[in-house]
Amino acid sequence: MTDQTWFLPAVLGVVLVLLVVGVVLLAPRRRRRGQAGAPPHVPTAQAPESGVGEEPEGAPEGGRPGLVDVPLPETAAPSVEGPEPVASRLVRLRDRLARSGSFGQALLGVLARDHIGEGDWEELEDTLLAADLGVGPTTELMESLRTRVRVLGTRDADSVRALLRELLLAQVDPAMDRALADSPSLGADDELHPATVLVVGVNGTGKTTTVGKLARLLVASDRDVVLGAADTFRAAAADQLATWGSRVGVPVIRADRYGADPASVAFEAVRAADEAGADVVIVDTAGRLQNKAGLMDELGKIARVASRRAPIAETLLVLDATTGQNGLRQARVFAEVVPLTGIVLTKLDGSAKGGIVVAVQRELGVPVKFVGLGEGPDDLAPFEPDAFVDALLA
Ligand SMILES: Nc1nc2c(ncn2[C@@H]2O[C@H](COP(=O)(O)OP(=O)(O)OP(=O)(O)O)[C@@H](O)[C@H]2O)c(=O)[nH]1
């Protein structure tokens with residue numbers, strides 16, 4: 001009799017414990033967005049049926065294209081990558097820069113000679129010009145060098161290195177503001193809107209790759225990002241971007257057909273980001289040859305149309321560091337069409353022409369904000385003048 005009285009409560013107790021454990025194990029776990037969790041909800045933009053559907057206020061001319069976003073399905077969440085944190089990638093990329101862009105080493109070698117003759121000064125000048133520093137900055141640097149070396153009166157390696165560091169750093173201009181707008185800001189309507197970042201440049205410079213890398217960098221900094229594939233001319237560009245997006249759980253807004261109006265795609269991407277409350281929307285644009293006036297006009301239209309929904313926070317020009325003077329010519333043309341706020345210098349890893357950083361900043365009056373140092377997904381780093389100059393002299 002005694003045995004029966006404890007038996008029933010004991011069984012009920014075990015059942016209750018099992019129930020609680022089951023509920024805990026089966027409950028959906030909330031995961032961090034952009035890492036292992038679902039992406040922010042971005043409504044799928046569909047082409048409105050004729051006569052049906054609301055045309056957005058300020059919508060682009062020619063109606064809305066059929067658009068699809070490419071959100072990461074919940075089932076694919078476990079494969080979402082965690083991008084490399086910003087701090088550790090800088091250390092890694094600094095080494096790569098030191099190995100490839102070492103014109104500073106050539107300068108140090110000449111300056112360390114016992115007697116610096118006229119031929120040596122010419123060698124220094126040629127080294128700077130060959131590194132694409134530009135004629136103006138080279139002349140300035142040479143004048144300062146000559147004066148300071150005379151005043152210094154020593155060839156001690158540490159003193160020469162410190163002098164060169166100071167002069168190169170002054171040319172790179174550490175005072176420029178290199179921060180990327182990556183938080184929502186107030187629009188003309190007094191509402192908060194995501195930071196809209198347009199990425200422009202000639203084809204092949206690494207625009208699409210840069211948009212993908214930039215998304216990873218922002219995700220690593222806990223930002224909610226949406227990408228817009230407004231390069232509707234190159235068939236593979238939107239697919240390429242969709243792959244970048246899915247790897248880090250970032251939605252990609254793209255047209256469902258090639259050749260759609262890029263301005264419409266840009267508008268829809270900004271709208272989707274706006275509605276999702278994202279921090280940043282990055283819009284990839286088609287590669288444009290600077291001599292094709294029509295295409296350049298189109299870039300102006302993309303900027304105009306996208307800004308109807310949210311102010312354009314940044315327009316980044318992507319330049320291939322290996323193209324030298326040609327790159328500078330491209331930069332001038334783009335700067336005439338859209339107000340640039342920053343430069344991304346790609347392929348600095350394969351170039352001993354790090355001087356282009358100085359030349360392009362002088363040319364445009366806007367800072368280099370990021371540098372591409374390889375083809376790997378996390379081979380993009382915020383540009384830091386001190387680290388750059390140290391790498392040149394390493
Ligand atoms: N070594 C190196 N390669 C890079 C870097 N950035 C981009 N690339 C490579 O450059 C090539 C062109 O990159 P894309 O991103 O397709 O260029 P794009 O400007 O978007 O080209 P279009 O879509 O044709 O306008 C690819 O093979 C990239 O891997 C970099 O920093 N270093």
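**View 1. The shell around the ligand.** Around the ligand lie 21 residues, and Asn203, Gly206, Thr209, Gly287 and Gly372 come nearest. A residue is near a molecule if its C-beta atom, placed from the backbone, lies within 6 Å of it. This is a predicted model: local features need pLDDT of at least 70, side-chain atom pairs count only at pLDDT 80 or more, and totals for chains, interfaces and linings use all residues. Residues are numbered from 1 along each chain as its sequence is written. Helix H7 (residues 207-220) gives the largest share of the shell, three residues. Helices (H or I, at least four residues) and strands (E, at least two) are DSSP runs, numbered from the N terminus. By class, the shell has two nonpolar, 12 polar and seven charged residues. Ala, Val, Leu, Ile, Met, Phe, Trp, Tyr, Cys and Pro count as nonpolar, Asp, Glu, Lys and Arg as charged, and the others, Gly among them, as polar.

**View 2. Helix H4 against H5.** Helix H4 (residues 118-130) packs on H5 at an angle of about 145°, with the axes 10 Å apart. Axes are lines fitted to C-alpha atoms, for helices over the stretch in contact, and angles run from 0 to 180 degrees between N-to-C directions. The crossing is right-handed: the near helix is turned clockwise from the far one by less than a right angle. H4 brings Trp121, Leu124, Glu125, Leu128 and Leu129; H5 brings Thr138, Leu141, Met142, Leu145 and Arg146. Contact means that C-beta atoms, placed from the backbone, lie within 7 Å. Seven of these residues are nonpolar, one is polar and two are charged.

**View 3. Helix H5 against H6.** Helix H5 (residues 135-152) and helix H6 (residues 157-172) pack at about 150°, their axes 11 Å apart. H5 is therefore roughly antiparallel to H6. Angles over 145 degrees count as roughly antiparallel, under 35 as roughly parallel, 65 to 115 as roughly perpendicular and the rest as oblique. This crossing, too, is right-handed. Pro137, Leu141, Ser144, Leu145, Arg148 and Leu152 of H5 meet Ser159, Leu163, Leu167 and Gln171 of H6. The contact holds six nonpolar, three polar and one charged residue.

**View 4. Helix H6 against H13.** H6 meets helix H13 (residues 385-392) at an angle of about 135°, with axes 10 Å apart. The two helices are therefore oblique to each other. Their crossing is right-handed. Arg165, Leu168, Leu169 and Val172 of H6 touch Pro385, Asp386, Phe388, Val389 and Leu392 of H13. Seven residues here are nonpolar, none is polar and two are charged.

Note on methods. Two residues are in contact if their C-beta atoms, placed from the backbone, lie within 7 Å.
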